[in-house]
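Visitor: Can you walk me through this one? I'd like the overall layout and then the charged side chains.

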Amino acid sequence: MYRRSAAAAVLLAAALTLTACSSGGDKADSGAKPKPPASSSAPDPADAPQPSTDPNAKPTGPVVPDAKLTPKTGSFTAEEKKYLSGRVPDKVDPASVLQGGQDACQRVQRTAKHDKDAATGAVITGEIPGAKDAITLLCPDQKPILAAAEKGFPEGPRTSPAAGNYRALTQATNCTWEAKGKDGGILASGPETPPKAGDKITAAIPAGTAEFNSSGCYAWIPA
């Protein structure tokens, strides 16, 4: 009798675990973010855990003086010291802060090696936190990615965009966009025909556009 009861308890616990996993998966799917270019074989930056604070933001409290920015062993380079200046909270190991910037560089480098569009989109959208300062001071070989990202913008509403032709950094077939004038009237929208998997999606933003809005497009750069 005891053995049958114990076995039943184990089966019930397993069933509850499977139910909880299934339920959690549904919630995750419903809130999925737009993905980088489908051609990218690099890990999606959106799938990596993100820190709760902005790595580009410097501490608001006391920081370690530049003169005391020294690792426990070895030494920092001049560029590493520039990166750390004003960025290390008091009583925090500078090496741990530097590691965050180096991690950002590694993520940009790995992604760009497989797909430059994916890397550019990840910098634009903030999927790789702290990428701007990290590239500038710690991995200048990735400045072309940063230069491209600085000309782009993420999906969603954008007021008073510069007129011109833009390309979406995604191959998702659910990407849509529209440009509105000051009176709220639609000046242009697209794509004109439903895109197929792998198609490049472009948008022509007319002069006088007051708001450009897009969904499912990840990010945009000049075409």
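Guide: We'll take the fold as a whole and then go through some charged residues. Bear in mind that this is a predicted model.

Visitor: What does the secondary structure come to?

Guide: The protein has 6 helices and 8 strands. From the N terminus on, the order is α-α-α-α-α-α-β-β-β-β-β-β-β-β.

Visitor: How much of the protein counts as buried?

Guide: Of its 223 residues, 33% are buried. The exposed surface comes to about 13,300 Å², and carbon and sulfur atoms supply 55% of that.

Visitor: And what share of the contacts is between residues 24 or more positions apart?

Guide: That share is 73%, taken over contacts with a separation of 6 or more.

Visitor: On to charges. How many salt bridges are there in the whole structure?

Guide: The search finds 4. One of them joins the side chains of Glu79 and Lys82, at 3.4 Å from N to O.

Visitor: Where do Glu79 and Lys82 lie?

Guide: Both are in helix H2, residues 78–84, and they sit 3 residues apart, about one turn of the helix. Glu79 is partly exposed at 33% relative accessible area, while Lys82 counts as exposed at 51%.

Visitor: Which side chain meets Arg87 in a salt bridge?

Guide: Asp133 does, at 3.0 Å from N to O. Asp133 belongs to helix H5 (residues 131–137) and Arg87 to the loop between H2 and H3, so this pair ties together parts 46 residues apart in sequence.

Visitor: Is Arg87 buried or exposed?

Guide: Arg87 counts as buried, with 7% relative accessibility. Asp133 is partly exposed at 22%.

Visitor: What does Arg167 form a salt bridge with?

Guide: Its partner is Asp117, and the closest N and O atoms are 2.6 Å apart. This pair also links distant parts of the chain: Arg167 is in strand S3 (residues 164–168) and Asp117 in helix H4, 50 residues apart. Arg167 is buried at 19% relative accessible area, whereas Asp117 is partly exposed at 23%.

Visitor: Now Asp115. Where is it found?

Guide: Asp115 is in the loop between helix H3 (94–114) and helix H4 (116–125).

Visitor: What is the nearest side chain of opposite charge to Asp115?

Guide: That is Arg167, 7.4 Å away. Asp115 is buried but has no salt bridge, because such a bridge needs the nitrogen and the carboxyl oxygen within 4 Å.

Visitor: Which backbone nitrogen does the side chain of Asp115 reach?

Guide: The Asp115 side chain reaches the backbone nitrogen of Ala118, at 3.1 Å.

Notes. Residues are numbered from 1 along each chain as its sequence is written. This is a predicted model: local features need pLDDT of at least 70, side-chain atom pairs count only at pLDDT 80 or more; totals for chains, interfaces and linings use all residues. Side-chain values use heavy atoms; hydrogens and water are left out. Helices (H or I, at least four residues) and strands (E, at least two) are DSSP runs, numbered from the N terminus. Buried means under 20% relative accessible area, exposed over 50%, partly exposed in between (1.4 Å probe, protein chains only). Contact means heavy atoms within 4.5 Å. Accessible areas come from the Shrake-Rupley method with a 1.4 Å probe; for residues, only the protein chains shown count as cover. Lys and Arg count as positive and Asp and Glu as negative; His and the chain ends are not counted. A polar contact is a pair of N or O atoms within 3.5 Å; within protein, one must be able to donate a hydrogen and the other to accept it, and residues adjacent in sequence count only if both atoms are side-chain atoms.
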